[in-house]
Amino acid sequence: MIIYFSRIFCFLRASETKYLISMIKVGHDKKELVVSILIESFESNLSVNYIAGANNGKSKRIKALMEYSFEICYLFGDVYMSEDGLACALVLYPDKRKTTLKSIMLDIYLLFRCIGLLNIGKAISREQNIKKIQPKEPMTYLWFLGVNPSSQHLGIGSKLLQELILDSKKKNLPIYLETSTVKNLSWYNRFGFQIYDQLEFTYSLYFLKRNVLK
């Protein structure tokens, strides 16, 4: 069974400060930096902590989740970073995802290093509920977008998201994501994203979409 934890969260607020950056596609040589940014960005995220737990060893489990996400997107999507190395985004193309020996090994890694046997039922149940809502169409799935905490609120996240939108337009694909961070809903709305559904766990998970023609 493939455990598919494709949630997207962002810990940024929109800023009026202009920050000029360019988005570049990166590989394994930047994995450590990407994972580091994501760990710091999502350490307190409600949805991440629902899977990783909040007890001892949480940081290691979040690291395992981010390493897993990096590898899955490297195989079946794209990993982007701002040229200044302060922001990153993990993008997945679900229609391109396949079951391979590598993906199976990654799922096993996630199970033992992040979820744990005691939490696997809860994790699978959540994933099944989410998949019932997610559309079955080609898309750009924005899994994670994070900015180095010391550089937040400078407009870096906004610029990176703008470039992701331009890239999705070139591919003629809508963008889908989920977020548990309520304060970011208005931020996404500014970029043309609309809520199309919602799930309730111990937190609220909002499903957002941006149509390709916007």
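Glu 71 is buried, with a relative accessible area of 7%. Buried means under 20% relative accessible area, exposed means over 50%, and partly exposed lies in between (1.4 Å probe, protein chains only). Glu 71 forms a salt bridge with Lys 31, and their closest N and O atoms are 2.8 Å apart. A salt bridge is a side-chain nitrogen of Lys or Arg within 4 Å of a carboxyl oxygen of Asp or Glu.

This is a predicted model: local features need pLDDT of at least 70, side-chain atom pairs count only at pLDDT 80 or more, and totals for chains, interfaces and linings use all residues. Residues are numbered from 1 along each chain as its sequence is written, and side-chain values use heavy atoms, with hydrogens and water left out.

**Salt bridges**

- The structure holds four salt bridges.
- The bridge between Glu 71 and Lys 31 links distant parts of the chain. Glu 71 lies in helix α3, Lys 31 lies in helix α1 (residues 31-42), and 40 residues separate them. Helices (H or I, at least four residues) and strands (E, at least two) are DSSP runs, numbered from the N terminus.
- Asp 78 pairs with Lys 25 in another salt bridge, with the closest N and O atoms 3.2 Å apart. This pair also links distant parts of the chain: Asp 78 is in strand β2 (residues 77-82), Lys 25 is in strand β1 (residues 23-25), and they are 53 residues apart.
- Are Asp 78 and Lys 25 buried or exposed? Asp 78 counts as buried at 10% relative accessibility, whereas Lys 25 is exposed at 56%.
- Lys 171 forms a salt bridge with Asp 167, and here the closest N and O atoms are 2.6 Å apart. Both residues lie in helix α6, four residues apart, which is about one turn of the helix.
- Lys 171 counts as partly exposed at 35% relative accessibility. Asp 167 is buried, with a relative accessible area of 19%.

**Nonpolar cores**

- In soluble globular proteins, nonpolar side chains tend to be buried together.
- The largest nonpolar core here has 42 residues. A nonpolar core is a set of buried Ala, Val, Leu, Ile, Met, Phe, Trp, Tyr and Cys residues joined through side-chain atoms within 4.5 Å.
- Which residues have the most contacts inside this largest core? They are Val 34, Leu 38, Met 66, Leu 90, Trp 143 and Phe 144.
- Helix α3 (residues 58-76) gives the largest share of this core, nine residues.
- Another core, of 25 residues, lies apart from the largest one. Among its residues are Leu 142, Leu 145, Leu 177 and Leu 185.
- Contact means heavy atoms within 4.5 Å.

**Cysteines**

- A disulfide is a covalent bond between the sulfur atoms of two cysteines.
- How many disulfides does a search of the whole structure find? The search finds zero. The cut-off is a pair of cysteine sulfur atoms within 2.5 Å.
- Cys 73 is buried, with a relative accessible area of 0%. Cys 114 is buried too, at 1%.

**Surface patch**

- Leu 101, Ile 104, Met 105, Ile 108, Phe 112 and Leu 117 make a nonpolar surface patch of about 650 Å². Patches are made of residues with over 30% relative accessible area and no salt bridge; like charges are joined within 9 Å, and nonpolar side chains (Val, Leu, Ile, Met, Phe, Trp, Tyr) within 5 Å. Accessible areas come from the Shrake-Rupley method with a 1.4 Å probe; for residues, only the protein chains shown count as cover.
- Ile 104 sits in helix α4 (residues 101-115). Ile 104 is partly exposed, with a relative accessible area of 37%.

**Loop residues**

- His 153 has a positive phi of about 70 degrees, although it is not a glycine. His 153 is in the loop between β4 (140-147) and α6 (156-171), and it is partly exposed at 38% relative accessibility.
- Asn 172 is not a glycine either, yet has a positive phi of about 60 degrees. Asn 172 lies in the loop between α6 and β5 (175-179), and it is exposed at 55%.
- Phe 191 is found in the loop between α7 (185-190) and β6 (194-200). Phe 191 counts as buried at 12% relative accessibility.
- Phe 191 touches Ser 158, Leu 161, Gln 162, Ile 165 and Arg 210, not counting residues up to four places away in sequence. Phe 191 and Ile 165 are 26 residues apart in sequence and 8.6 Å apart in space, C-alpha to C-alpha.
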